[in-house]
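Reader: I have a structure open and would like to go through it. Can you show it here and take my questions?

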Amino acid sequence: MNYDGWSKKVEDNGAELSNEYFNMQVGLPYSEQKIHELEKKGEELSKYFLDHFKEPEEVYRSSVAGIAGGKTYQLLLKLHDIRKTDVKSEKHKFRDQPVTWTTWRQFVVSAEDKARKEVYDEFVNLVPKISPQIKEFFGTSKVIFEQHNLTPLQNYLLGHKTSYEKIINFLTELRDGVKNKYWQEYTNETQRMLGRPPEYYDDLYFMRNVIFNDLVGKFKGANPLDCVKKTLTNLGLDPSKIHVDDADRPNKYPSPFCSSPRVPQDVRISYKAENPLNDTRSIYHEMGHAIHETHVDPKLPYHERYLYSMGLAETFSQFIESLVANKTYLVEELKLDPELAEEYVRRIKVMELMTVAFYTGNSLFNLKMWHDNVPFEKLDDLYAKEQEQSMNLQIPGAYWQLHHILPENLLYVPSYLLSQANVCEMVEKCQEIGGERWWNDKKAGKYIVSLMKPGTRSPMSDFSNVKPDKLIKELMDF
Ligand SMILES: [Zn+2]
């Protein structure tokens with residue numbers, strides 16, 4: 001079998017597997033047996049690649065990651081189970097059941113300050129229950145990467161076409177650039193809502209819900225799905241090939257997602273209506289992923305159509321989502337009341353500052369732990385130190401193990417910030433081409449397509465020259 005034959009098999013296998021997972025996630029019939037068989041076949045194909053080929057290098061890396069994933073997915077499933085059963089409050093309930101890790105974020109939205117603090121402290125004390133799985137996940141993955149002369153850090157840096165020093169500089173400058181403004185806005189908001197300065201348990205997942213609480217009921221405007229489709233069409237893009245599953249089935253995943261069994265021919269998004277405020281942002285985000293993948297050149301080889309870095313994938317979703325943080329767009333396209341739009345944008349900006357503060361801390365922690373080979377037992381200290389720098393708060397170091405991304409991914413979180421820097425570049429360019437209302441301009445659309453069409457060879461896939469200046473400026477501008 002040559003590389004072309006191999007890549008066709010991988011693509012077919014991946015398409016079938018995606019389809020099964022999609023059905024599972026939207027609450028349609030699926031086969032666990034089939035998923036198991038296809039996963040196994042995928043792992044065999046990864047092994048075959050490593051035994052027979054060395055290039056393309058991104059396929060080599062993704063095959064190593066695939067084998068590591070195959071060896072660790074059961075550990076992660078166990079982690080999910082323990083979080084549901086053992087990370088449980090003795091003191092507080094949510095919908096008549098003890099609060100667990102799974103219901104924690106829903107609980108905090110309407111909980112009293114004291115109850116919120118108690119559950120946070122209880123969960124931090126329960127972290128030793130989940131640590132063994134997390135430690136083994138990192139340890140096993142590391143060994144498999146090393147057996148193939150790679151590390152998770154090298155894999156990440158090669159995927160983003162940059163170096164450790166460049167990423168660290170980017171993140172440190174970004175952290176320092178927003179520090180004062182972030183703290184001032186965060187303090188204003190906790191004063192407004194809670195009548196006191198920020199505390200360690202006022203985390204991002206509490207803030208990003210409560211900050212919009214009183215706006216949810218007022219948020220009535222145009223249908224967000226129709227609206228984003230209209231915008232994409234006005235830009236000269238074609239959203240008609242995107243399959244949208246908006247049915248409300250009992251077993252459907254509540255969080256919206258995009259799935260692409262075949263790029264660019266079969267791309268789907270799923271969502272379940274929640275409230276118009278949250279739905280609007282998530283529909284724009286997922287449609288951003290989908291419009292990207294439907295506009296990749298079908299003639300490109302397999303790896304150039306599928307193996308994106310996370311930074312590149314998030315660039316297009318965040319780019320389309322950024323429309324929802326634009327007052328003019330909200331008023332003219334989504335038909336929001338101008339005063340509401342202004343207040344909504346202000347609060348989005350506050351949350352962006354808070355997200356950047358929290359994620360620079362997460363990212364620097366995540367990069368340094370691999371680069372400096374920090375033993376698992378010392379990771380909590382490293383986390384507390386980085387977050388004290390970023391968030392200006394003393395956070396219990398074990399909190400990172402309760403996060404939904406950090407303990408289940410080897411290295412992922414810096415991508416959010418890298419792609420935000422990309423988005424600033426793209427918006428600036430679109431404004432140059434199409435003016436303030438660039439979302440109605442076909443020439444701006446042409447520029448966007450030119451970034452999507454080359455797949456992994458997109459000009460936006462190279463993060464070696466990424467600078468935080470424009471992002472900092474945009475974050476401070478309100
Ligand atoms: Zn995304």
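Reader: What kind of model is it, and how are residues numbered?

Author: This is a predicted model, in which local features need pLDDT of at least 70, side-chain atom pairs count only at pLDDT 80 or more, and totals for chains, interfaces and linings use all residues. Residues are numbered from 1 along each chain as its sequence is written.

Reader: And what counts as a helix or a strand?

Author: Both are DSSP runs numbered from the N terminus: helices are H or I with at least four residues, and strands are E with at least two.

Reader: Start with helix 1 and helix 2. At what angle do their axes cross?

Author: Helix 1 (residues 3-26) and helix 2 (residues 32-52) have axes that come within 10 Å and cross at roughly 155°. Axes are lines fitted to C-alpha atoms, for helices over the stretch in contact, and angles run from 0 to 180 degrees between N-to-C directions.

Reader: What does that make helix 1 relative to helix 2?

Author: Helix 1 is therefore roughly antiparallel to helix 2. Angles under 35 degrees count as roughly parallel, over 145 as roughly antiparallel, 65 to 115 as roughly perpendicular and the rest as oblique.

Reader: Left-handed or right-handed crossing?

Author: The crossing of helix 1 with helix 2 is left-handed. That word applies if the near helix is turned anticlockwise from the far one by less than a right angle, and right-handed applies if clockwise.

Reader: Which residues meet there?

Author: On helix 1 they include Trp6, Val10 and Leu17, and on helix 2 they include Ile35, Leu38 and Phe49. Contact means that the C-beta atoms of two residues, placed from the backbone, lie within 7 Å. By class, this contact of helix 1 with helix 2 has 8 nonpolar, 3 polar and 6 charged residues. Ala, Val, Leu, Ile, Met, Phe, Trp, Tyr, Cys and Pro count as nonpolar, Asp, Glu, Lys and Arg as charged, and the others, Gly among them, as polar.

Reader: In which sense do strand 3 and strand 5 pair, parallel or antiparallel?

Author: Strand 3 pairs with strand 5 (residues 266-270) in the parallel sense, over 4 bridges. Asp245 has Ser270 in strand 5 as its bridge partner.

Reader: What about strand 1 and strand 2?

Author: Strand 1 (residues 88-94) and strand 2 (residues 97-100) pair in the antiparallel sense over 3 bridges. Phe94 has Gln97 in strand 2 as its bridge partner. Their hairpin has 2 residues between the strands, and Arg95 there takes a positive phi near 50°.

Reader: Changing topic. How do helix 10 and helix 11 pack?

Author: Helix 10 (residues 224-234) and helix 11 (residues 276-294) pack at about 40°, with axes 9 Å apart. The two are therefore oblique to each other. Helix 10 passes helix 11 in a right-handed crossing.

Reader: Which residues of helix 10 are buried?

Author: Pro224, Cys227, Val228, Lys229, Thr231 and Leu232 are buried in helix 10. Buried means that 20 or more other C-beta atoms lie within 10 Å of the residue's own, exposed means 12 or fewer, and partly exposed is in between, with C-beta atoms placed from the backbone. The buried residues of helix 10 pack against helix 11 and helix 13 (310-321).

Reader: And how does helix 13 pack with helix 17?

Author: Helix 13 and helix 17 (residues 414-434) pack at about 50°, with their axes 8 Å apart. That makes helix 13 oblique to helix 17. Their crossing is right-handed.

Reader: Last one: is Val143 buried or exposed?

Author: Val143, in helix 6 (residues 131-147), is exposed because it has 11 other C-beta atoms within 10 Å.

Notes. Two strands pair if DSSP finds at least two bridges between them.
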